[in-house]
Amino acid sequence: MYSQLHRSPAVAERGLHLDAARKFYPAAWIHDLMERMAALGLNAFQWHFSENEGVRLESRAFPEILSPEYISRTEAREILAHAAELQIAVVPSLDMPGHLRQTLSTRPGLRLPEGRHGADTRHALDITNPESRRFAKELIDDYADLFSGSTHWNLGGDEFVDFGRIDDYPALSNEARRRFGPTATGFDLLTDFINEIGDYLVGLGFVPRAWNDGLLRSEFVALDPRVEIAWWTNWHAGMSPLAEALEAGYRVLNFNDTQWYYVVGETSYLHPTAERAWATHWHPGSFPRLTDRSPQELSKPYPDQLLGAYFSIWCDAPDDETVEEVAERIALPLAAFAERTWNGGSGLSYPEFVARATQ
């Protein structure tokens with residue numbers, strides 16, 4: 001049935017991101033998901049296995065960081081082999097220097113010092129500390145061999161601190177000024193960290209990726225052009241617009257949070273729907289709007305800098321839905337995403353799409 005939806009690929013990478021860290025998804029469920037992805041013509045799977053709330057992929061170097069339920073190395077190798085058979089590229093997602101509360105609970109000395117007004121930093125790696133940066137690389141080393149068949153790696157970089165109040169973290173400001181000059185900010189230090197980790201990943205054979213919200217906001221440290229930008233949001237006016245990234249020559253992927261974020265429990269987002277995709281005329285060049293509601297849109301034929309687009313499953317309220325409910329509820333939206341990502345939109349009306357996708 002799904003083959004009737006496909007015409008010609010508008011972008012090279014058509015992917016699905018799975019937050020398998022906050023919520024445990026058994027290996028069998030992930031295998032079934034990849035089969036569905038292959039049927040839809042999706043060719044990339046971003047495996048997000050570490051979060052504030054859990055680490056769900058077996059760590060051999062640091063077993064103490066693991067959640068009670070996790071995917072074993074044996075299960076992971078079977079998942080990776082299955083993905084290869086289905087011609088699905090797997091992108092490991094190990095978020096840092098934020099989103100590390102579970103891991104840092106075992107190493108409180110590596111946490112960023114608390115910010116002003118009690119700003120919580122239990123999730124944040126102290127990037128002013130060389131020992132913390134070494135630990136970040138050791139975490140990567142622990143998983144790098146497992147993902148040796150992957151070409152890309154998402155290192156995170158998002159929601160490290162409250163980016164709208166970055167001066168409330170004097171440890172960052174002080175170190176940035178010490179290293180880069182009297183007017184440098186925490187964004188310079190964050191960019192420096194992303195560049196360092198990105199370079200380390202390149203040395204391991206991976207193309208690094210990072211989320212957009214904290215990027216291109218530094219004054220003295222330029223983001224390494226080898227880092228690809230996973231563009232998920234522009235909810236805050238301080239975030240750089242897409243046009244700035246493209247003008248500077250960066251490559252981007254469209255993770256549009258307002259269109260394709262399936263958040264278990266719907267804590268901050270309504271579940272994506274196929275109907276909404278047609279109502280908004282979404283296509284891979286449709287990025288999240290700016291805070292003034294200005295569109296950010298690339299027209300076909302898309303520039304080479306647009307690498308692809310992703311549908312994302314996030315698990316902010318993991319117990320609000322079962323894994324079976326997630327699988328059922330993403331079925332039609334995911335087919336809609338595939339249809340419109342393949343074709344740069346769709347030549348079908350919404351009723352025509354539904355008829356073909358559900359027959």
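Reader: Where is Pro97 placed among the helices and strands?

Author: Pro97 sits in the loop between strand S3 (89-96) and helix H3 (101-104). Helices are DSSP runs of H or I with at least four residues, strands are runs of E with at least two, and both are numbered from the N terminus. The protein has eleven helices and eleven strands. This is a predicted model, in which local features need pLDDT of at least 70 and side-chain atom pairs count only at pLDDT 80 or more, while totals for chains, interfaces and linings use all residues. Residues are numbered from 1 along each chain as its sequence is written, and side-chain values use heavy atoms, with hydrogens and water left out.

Reader: What is the form of the peptide bond from Met96 to Pro97?

Author: The bond from Met96 to Pro97 is cis, with omega near 10°. The bond from Lys300 to Pro301 is also cis, with omega near -5°. Pro301 lies in the loop between strand S10 (296-297) and strand S11 (306-314).

Reader: Why is Gln87 called exposed?

Author: Exposed means over 50% relative accessible area, buried under 20% and partly exposed in between, with a 1.4 Å probe and protein chains only. Gln87 has 67%, so Gln87 is exposed. Gln87 lies in the loop between helix H2 (73-85) and S3, and its phi is near 60°, a positive value in a residue other than glycine.

Reader: Why does Leu216 count as buried?

Author: Its relative accessibility is 18%, so Leu216 counts as buried. Leu216 is in the loop between strand S5 (207-211) and strand S6 (228-231). The phi of Leu216 is near 60°, again positive in a residue other than glycine. Most residues other than glycine have a negative phi, and most peptide bonds are trans.

Reader: What makes Ala184 buried?

Author: A relative accessible area of 4% makes Ala184 buried. Ala184 lies in the loop between helix H5 (170-180) and helix H6 (186-203). Contact means heavy atoms within 4.5 Å. Apart from neighbours within four places in sequence, Ala184 is in contact with Ala176, Arg177 and Phe220.

Reader: Why is the pair of Trp260 and Phe337 called edge-to-face, and what does the count of aromatic pairs come to?

Author: Rings of Phe, Tyr and Trp (its six-membered ring) pair if their centres lie within 6.5 Å; planes under 30 degrees apart are stacked, over 60 edge-to-face, and the rest tilted. By this rule the count is 22 aromatic pairs. Trp47 belongs to strand S2 (residues 44-50) and Phe147 to the loop between helix H4 (130-144) and strand S4 (152-156), so the pair ties together parts 100 residues apart in sequence. Both Trp47 and Phe147 are buried. For Trp260 and Phe337, the ring centres are 5.4 Å apart and the planes at 75°, so this pair is edge-to-face. Trp260 is in helix H8 (residues 257-260) and Phe337 in helix H10 (residues 323-343), so the pair ties together parts 77 residues apart in sequence.

Reader: How do you know that the radius of gyration agrees with that of a compact globule?

Author: The radius of gyration is taken over C-alpha atoms, and the globule rule is 2.2 Å times the number of residues to the power 0.38. With 359 residues, the rule gives a value near 21 Å; the protein has 20 Å, which agrees.
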